[in-house]
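I opened the model today to look up a few local details. My entries follow in the order I made them.

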Amino acid sequence: MDRSEEEQEIVIVGAGICGLATALALHRKGVRSIVLERSETLRASGAGIGIWANGWRALEQLGVASDLRKTAVPIQRVRDVWLDKGSNQETPVNDEARCLMRSDLIRTLADALPPGTIHFGCQIVSVKMDPSDSYPILQLLDGSFIVAKILIGCDGLNSVVANFLELKPTKEFSACSVRGLTNYPNGHAFPHELVRTRRNGIGVGIIPIDDKLVCWYVGQEAIREDHAKVSQRPELIRELILQSIDGFPTEVAQLIEDSELESLSLTRLRYRAPWDLLLGKFRKGTVTVAGDAMHVMGPFLGQGGSAALEDAIVLARCLSRKFVNPVDRLHNSERETMRMMHEVGEAMDQYVKERRMRVLRLSTQTYLIGSLLKPPSLLFLPGILMDRSEEEQEIVIVGAGICGLATALALHRKGVRSVVLERSETLRASGAGIGIWANGWRALEQLGVASDLRKTAVPIQRFRDVWLDKGSNQETPVNDEARCLMRSDLIRTLADALPPGTIHFGCQIVSVKMDPSDSYPILQLLDGSFIVAKILIGCDGLNSVVANFLELKPTKEFGACSVRGLTNYPNGHAFPHELVRTRRNGISVGIIPIDDKLMYWFVGQEAIPEDHAKVSQRPELIRELILQSIDGFPTEVAQLIEDSELESLSLTRLRYRAPWDLLLGKFRKGTVTVAGDAMHVMGPFLGQGGSAALEDAIVLARCLSRKFVNPVDRLHNSKRETMRMMHEVGEAMDQYVKERRMRVVRLSTQTYLIGSLLKPPSLLVKFACIVFLVVLFRIRNHTRYDCGLL
């Protein structure tokens, strides 16, 4: 395992209520930790949150109860109103209960932590156990890794850590909840009580936070409209809810009508089944979970937040019972470290033991209440069936990048239907330009889009390499077809050639699991929904969720980065039709025309010392840093970058899948495989990433179609026929992997050797890399490769 990555002692994933409370509880015990938060700022969605007596007892232990009491009024009673029956009931609140603004609770917990505890912009995509020392390794969305010695997952409903623990997927109540805030600058007349009004299966709750702010929520059956799209449009949320509560008292409708749009949130209600809480294994090594990651439940008791606060107290107490400060001892001898890890495991087991029956009782109660929202069916019976009310699809491709769209189009050309799941809300076209060489154009010919794309880019006639340090240069004619396309042109052309409705936007996959009953892969989405796929093809790039499911080895860093951009010349430019690569002091600048008005450029250099995540979000800073780096390059190079379009700039860490991992990796499990960067991400030194992905698409579609005319039609037949078909799909995928393996191993090896020269650890390694390049790749024939007919 590449241990050049960052190491941390105690890592908590998620800066929500549970994550911050856990960090604070550990801090009160003198134990240091860090919190990784995927957002760039503190998350405070959900408007208000009710905290009952048990939650306040936990807040007292955390030392923040006094400050929070100043922000909210005490609730004196609960009043239930049944409009259908014309009856109501009042229940006094004898213990402390208040509704807090979620943002107040989050900020108060965060402010009580030591500076630097929370690390923002750190989205975890997978967790694996290092076989050498049993430490969990976290892979981040930006491609970096963190080695944790103790890992606590407080990452909510769609927990990556819970997936690592192999907890059963959460299930839907077939209901949704809308929450919001209404502000009355001059004060409101609502009494200090929680009012729950019900009619026709819809429940509306109203509770004051203080004398000017009122929190409300609506619970009802899941909306029929597209949940993902509606949840992004608060004005539409309010419109739909006002339609739903037709017949409720006027003051209820007016309250919602006057609500603050930015406070509205729409949530599908999900739960972890009580039997899964009873039987689940919530600890593996020194990894555990807390809060919604452990026991997400319906909001019907209002105990989600309070239960999470309880988790934090119990977990910190269990850890501190075993030792004064585990972190200090983790730096000692290997034997002492192993003993300490064993003690951490025992402490986590004690935590799980203390919490299991408590959350089981809460979860059972909310499950029974939630089951009444919709008449139960056999699917509600525990242990009999998996909840198959989720969406089913035949062939699912993850990722609407070049490879995903090309694979869908190749299948379409063979008469095979598929859907493409794309996490973004629109087509992604980052990266400015992309070089497509002769082998890539042969693939585009098979896809039927080459003619249209040739109209968008000029042919490249030669390569010119310039070494400023040596004062020398070399020209190489281009004998085969080579053009640089705008990435957006390539993406849109592929997408436009697909049948309408093929691409499903806003579908971010967070995990893949195999259904033990039929071996179909089950995809869990970020919004909590599930898709059952019969055939799954992962084209989801560098940080592939599907590759993680296949248990491929993690990608590695070159220790270098690349900046790409476009420069537009409205009146035309004077650059010849050639790729010019200029090198000086370990920095390389490439310039290539797209057409007679647009230039694409890229800069390769050692990884920037500044914070990569922050710099990559600020294009003006990217340009400034690159201009400093290329000091001493020709003036026209600096001017080209100076004149570039800011919105086109991108900064990327260069990563690769090691050649030996490609040679030995298992790229098929059941009817699941990968293609493109998900399979063979490589350095850009040959410019073959895009072309190799297009080759993958052709070969995969051809291998699938050799076995049968249309697999999807036969997947609807008898179980025996379906099993035979799944076996044939597996054979077709094995053939695809066999055809592609040595091709991508050769490309990857060549780019690996070139990349190793960027920062040679020694003269011996440099010499060895040069020798291998000369001996193995003396003839540049990678562009002559022909992936064959579709």
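I looked up the contacts (heavy atoms within 4.5 Å) of I245: leaving aside neighbours within four places in sequence, I found I202, V204, V218, V252, A253 and I256. I245 lies in the loop between helix 7 (234–244) and helix 8 (250–257); helices are DSSP runs of H or I with at least four residues, strands are runs of E with at least two, and both are numbered from the N terminus. I245 is buried at a relative accessible area of 2%, where buried means under 20%, with a 1.4 Å probe and protein chains only. I202 is 43 residues away along the chain, yet its C-alpha atom is 7.5 Å from that of I245.

I note that this is a predicted model, in which local features need pLDDT of at least 70 and side-chain atom pairs count only at pLDDT 80 or more, while totals for chains, interfaces and linings use all residues. Residues are numbered from 1 along each chain as its sequence is written, and side-chain values use heavy atoms, without hydrogens and water.

Next I checked strand 29 (residues 578–584). Five of its seven residues are buried, so the rest of the structure largely encloses it. I found strand 21 (residues 462–467) running parallel to strand 29, joined by six bridges; pairing requires at least two DSSP bridges. R464 is opposite V580 of strand 29. Strand 30 (residues 587–593) pairs antiparallel with strand 29 over five bridges, and R581 faces G590 of strand 30. In the hairpin of strands 29 and 30, with two residues between the strands, I noted a positive phi near 50 degrees at N585.

Conventions: Buried < 20%, exposed > 50% of the residue type's maximum accessible area, 1.4 Å probe, protein only.
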